[in-house]
Amino acid sequence: MMFLAIRRAKPDDAQAVLKVTKESFSLYQDELHVSYEVKALKETAEATLRDIEEHAVFVVERNGEICGSIRIRKLSDDLWYIYRFGVSPKISNSGLGSALLDAAVAYAKENGARAISLHTNSKYYRLARYYYGKQFYVHSTSFDRGYVRALFVLELEPDAGVDLSPAFIL
């Protein structure tokens, strides 16, 4: 029998969160055959711990092992931002990533979010399609990081008119 749990990360989880982040972003880098630096792969344990302490980090555990994580932080009273979202390649396409995303969205809603944003490489078709399926849309793209970077937005209230400018600087 498999036991699953989604919960907020604790400081003791930092190494496991970092491990799953690097596993999932290594797959991202491999699938896209990118030549630019994927910042998530350069992350330190200290940075992961800081995110756990200062922002909301959720993990999914399967049989006591952390196999996915998502980070979300408040950018303004209305806008939240998802980053470093990934699951272990061993469990991708199992629905656990969607459960993590749902937990982060619910948390942001409970804390006043009217919109949620995130960035991803627009050429990662599978990931873009996933976010479209979760009702995110592409607001804009930029080439400021050496690739076509899409800003995806999920409006939690129709025509909320949320100022997205805080997401542009990330």
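Predicted model: local features only at pLDDT ≥ 70, side-chain atom pairs only at ≥ 80, totals over all residues.

Residues are numbered from 1 along each chain as its sequence is written, and side-chain values use heavy atoms, with hydrogens and water left out.

Let me start with strand β2, residues 56–62, where six of the seven residues are buried; strands here are DSSP runs of E, at least two residues, numbered from the N terminus, and buried means under 20% relative accessible area with a 1.4 Å probe, protein chains only. Strand β1, residues 4–8, runs antiparallel to β2 and is joined to β2 by five bridges, with Arg7 having Val59 as its bridge partner; two strands pair if DSSP finds at least two bridges between them. On to strand β3, residues 65–74, which is also antiparallel to β2, through seven bridges, and here Ala56 stands opposite Ile72. The β2–β3 hairpin has two residues between the strands, and Asn63 takes a positive phi near 50 degrees there.

Now, which strand holds Arg71? Arg71 belongs to β3, and Arg71 is buried, with a relative accessible area of 0%. Its side chain makes a polar contact with the side chain of Glu43 at 2.8 Å, and another of 2.7 Å joins the side chains of Arg71 and Asp51, a polar contact being a pair of N or O atoms within 3.5 Å, where within protein one must be able to donate a hydrogen and the other to accept it, and residues adjacent in sequence count only if both atoms are side-chain atoms.

Key: Buried < 20%, exposed > 50% of the residue type's maximum accessible area, 1.4 Å probe, protein only. Helix = DSSP H or I, 4+ residues; strand = E, 2+ residues; numbered from the N terminus.
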